[in-house]
Structure formats: C-alpha cells, structure tokens
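Here is a short briefing on a single protein chain. Please keep the sequence and the model open while reading.

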Amino acid sequence: MSEDDRTRAMRSPGDGRPLPPRPNDVPRSGGAPAHRFPSGGPGAPTHKLPAASQIPEPPPGAEPRGSSGRVYGRQRSGGGGGPIRPLRSRGEQPPRGPRRKVSGRTILKIIAGLLAVLLVAAVGLFFWIDSRLSGIDDVLTDYEDRPADGPGTNWLLVGSDSRKGLSKAQRRKLATGRAVGQRTDSMMLLHIPDTGDRPTLVSLPRDLAVTIYGKQRDKLNAAYNGGPQLLVRTIETVTDLRVDNYMEIGFAGFVDIVDAVGGVEMNVTAAVNDPKAGLKLKKGKQVLDGSQALGYVRTRKGGALPDYERTKRQRQFLAAVVKKAASPGVLINPFTSIPLAMSATDAVTVDSSTGAFDLLSLGLAMGDSPVTTVVPFGGNENLPNGGVAVKSDRQKALALFNALKEDKPVPKSVIDAR
C-alpha cells in the first residue's frame, strides 16, 4: 500500500481536507461521494421536471391538491383528506355541547301531567271500590218511634265471630273454634260531630242488659241473633241515637286487612299467653300480624274485669289499624293500597246506603284520634231467661248518649279513664 492510500485510510470522511489526487481525478474533499455525478456536474438533477404548461388544470370547484384536510376546522396541507381529530385517552368521552336548560313552564307541565294521572287513578280506584262493596238491604229502614235524625254522623261497627271464608286449617291456626252461625264479638258506636271536634268511639259490651226491640230484656248480643236490622233498632231504642251507617266484619276479613297494611304496632301492657285465642305475646311495643291481632282483640286474659279490658283493647286496635290504613304511606303506595282495597271490600259488609265516600269519611275520622270510652256500667242484672247480664249505670249512660245526640263533647265525668 502506497503512502497516499495509507493517508486516505486514516482520514475520517468529511474532515474537509483535500485528498491526494488520483490519476485522471479532480480535487475533492474527504466527504465527497465515492461516485461521480452524471453529466452536468454535482447537484444536477437526475430527471427533468415537467414544465408549468404541462401541468393539468384542476376541475372547476375542486380544492387544490395538498390542502384537502382541515386542522380543527381549517384546511391542512397534505393528502390526508379529512379533519384531524384531537388525541384522547382510551375510554375518554368526547366533549359534549352545553346542556339545554329546562324552563319553568316545562316543569309545571310535567307536574300538572303527573297530578292529572294521579287524579284519574284515584277516581278510578274510588269507583272500583264502590262497585265491590257488599250491601245489606233494609238494615236502616224507618219504623214507628224511630229517633229523629240529629247533627253529626253515627256509625254502628260490628265485629262478628263468623268463620265464613276460613278453611279448617285456618280455623285451627287462628283458634276460632267450631261454632256455627255467627254472633257479635264486638260492637262499637262511632259519633262523628259536625262541629269539627274529635270523634267519639263508644264500646257496647255484648253482655250489656238491654230491652230487645219488640221483645224482653236480654243481653245485647241476643239482638244480633235476629239479624242486623234488629240489632240496629235495639241500639237506637236504648241510646235514642239514629244510626246513619252500618258495617260489620268477620274473622277472615279482619286478618286480611291487618296483613294488607303490613301489621299494626301495639303497646302490649302485659304479657299474654292464651292458647284458646292462639296468642302468645310479650310485654311492650311490637308489630302484630293478622292472626296475632285477631287473638289480641279476642282474648279475655288479663285485668280484674276481662270483658272490660277486652273492649278496651278492641277500641285501641280498631283506631290503630284504621289510622294506619288511612295514612299517606299506605294510600299512595299502590303495592299496599290496592291489596288493602281488595281485602277491605271483600271483608266488610255494609248497609245498602253506605258507599265508598262514607268509608273514606270513616277512615278520616278514625285517623283523627277519637275519644274512646265504654258504656258506663256497674253490677249485674238477672235476666228473665235465667241468665246474668252486665247492668249499665243509667245516669252516666244517659249523660253520654245525650251529649252525642246534641253533638257536644262527652262530659269528662263519664269518659272511661281506667
């Protein structure tokens, strides 16, 4: 290897110093290309560009090539052909436009529409309930010397011990016994005043000694054996109050109504264990289901006067169950109001003149925390048939019924405070 070749090998390309000449070679730097350029010298183009006159004109209306894209709404250079979209991470939602505000008029229209739907549903439910009511004819017909119609509204509420609608298994479970026919298990007189004062709920002991209309002295329960009409006439004669509405309910209906409202909370003042009533309860506040409620109002366990304590529990429970049934939480909820309406209309029997509107007024009155009491009584009375009945305190009883007849508050001296 010659000295010039060694010099070339040691130099780094592109150091800018001239290389030793070769035969038939031109001077060049260390960074010069190893091959010669075509004729025309270094930098001469290897092909010829077309003349401007040879470039075809674009069609009318077409955009110039190389500017068909847009960058955020502006044209972009190059042949991409479409707008450039902003980069965003995976799963990120594209930006949304501004939310449209709902006007007050639209909100009012929505509210009005909902109210209209609820109103139509309520009216439909009302007429449906009215069509399902079972009425008894000739219960409140006029008769000689019937008391005149006075202020306020008087309801006679009867709980019968009818086993109608109960299977043998249900009778065993509810401990209703095997008695045939029906008797009254409880009787109450509800007076709703026109003055706006609190209603008065009076228990009528079924063993109370009374003069049966058109017959002799006997227990009040004996009047029911002659049917609802005889019972109404007997009570009207004894109290001198005209009965405006009549309603009765049997064992099966009682259980269904309580279960339909989800049970009723009661404050049991003393523990109860009564196998005859199928009842075992602990002391204190607790929610009773249908079968427990039935046993609670039927048991005669506890208290110095079992029958008196029984009527007291019946008034307490009736007020509680009707108040809950009329509460907004039950009436507004279709899952409770519809089953309640079905159970109530299947369970109760009313006189033929009583309708759904009357039942509504009854529910509102019972939800108004009525004053509760019992017909004042004291001692026993021997009956002509050899039986023994509870004797009323005539003076206090007259004061009670006269106050109701005149639509006045019952004197505190005759209100049961025990």
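The points below go from the whole chain to single residues.

This is a predicted model, in which local features need pLDDT of at least 70 and side-chain atom pairs count only at pLDDT 80 or more, while totals for chains, interfaces and linings use all residues. Residues are numbered from 1 along each chain as its sequence is written, and side-chain values use heavy atoms, with hydrogens and water left out.

**Whole chain**

- The protein chain has twelve helices and 17 strands. Both are DSSP runs numbered from the N terminus: helices are H or I with at least four residues, strands are E with at least two.
- Of the 418 residues, 36% are buried. Buried means under 20% relative accessible area, exposed means over 50%, and partly exposed lies in between (1.4 Å probe, protein chains only).
- The chain exposes about 26200 Å², and carbon and sulfur atoms supply 56% of that area. Accessible areas come from the Shrake-Rupley method with a 1.4 Å probe; for residues, only the protein chains shown count as cover.
- Among contacts with a separation of 6 or more, 61% are between residues 24 or more positions apart. Contact means heavy atoms within 4.5 Å.

**Nonpolar cores and a surface patch**

- The largest nonpolar core holds 41 residues, and Tyr296 and Phe317 touch the most other members. Such a core is a set of buried Ala, Val, Leu, Ile, Met, Phe, Trp, Tyr and Cys residues joined through side-chain atoms within 4.5 Å.
- A second, separate core has 28 residues, including Leu156, Leu241, Tyr246 and Phe401.
- Phenylalanine 317 contacts Phe254, Val258, Val264, Met266, Leu288, Ala293, Tyr296 and Val297, leaving aside neighbours within four places in sequence.
- Leucine 115 sits in helix 2 (residues 104–132). Its relative accessible area is 53%, so leucine 115 is exposed.

**Salt bridges**

- The structure holds seven salt bridges. Each is a side-chain nitrogen of Lys or Arg within 4 Å of a carboxyl oxygen of Asp or Glu.
- Arginine 242 pairs with aspartate 142, with the closest N and O atoms 3.5 Å apart. Arginine 242 is in the loop between helix 5 and strand 9 and aspartate 142 in the loop between strand 3 and strand 4, so the pair ties together parts 100 residues apart in sequence. Aspartate 142 is exposed at 58% relative accessibility.
- Glutamate 381 pairs with arginine 217, with the closest N and O atoms 2.8 Å apart. This pair links strand 16, which holds glutamate 381, to strand 8 (residues 217–219), which holds arginine 217, across 164 residues. Glutamate 381 is buried at 17%, whereas arginine 217 is partly exposed at 30%.
- Lysine 408 pairs with glutamate 406, with the closest N and O atoms 3.4 Å apart.
- Shared partners join Asp142, Arg146, Glu236 and Arg242 into one salt-bridge network.

**Hairpin and backbone angles**

- Strand 16 (residues 377–382) and strand 17 (residues 388–392) run antiparallel and are joined by four bridges. Two strands pair if DSSP finds at least two bridges between them.
- Phenylalanine 377 stands opposite serine 392 in strand 17.
- Five residues lie between the strands of this hairpin, where glycine 386 takes a positive phi near 95 degrees.
- Most residues other than glycine have a negative phi.
- Aspartate 138 has a positive phi near 60 degrees, and lies in the loop between strand 3 (134–136) and strand 4 (153–160).
- Aspartate 240 also has a positive phi, of about 60 degrees. Its place is the loop between helix 5 (228–239) and strand 9 (245–249), and aspartate 240 is partly exposed at 35%.

**Contacts across the sequence**

- Threonine 200 is in strand 6 (residues 200–203), and is buried at 7% relative accessibility.
- Glutamate 406 is in the segment after helix 12 (394–405), and is partly exposed at 46%.
- The C-alpha atoms of glutamate 406 and glycine 150 are separated by 7.4 Å, although the two are 256 residues apart along the chain.
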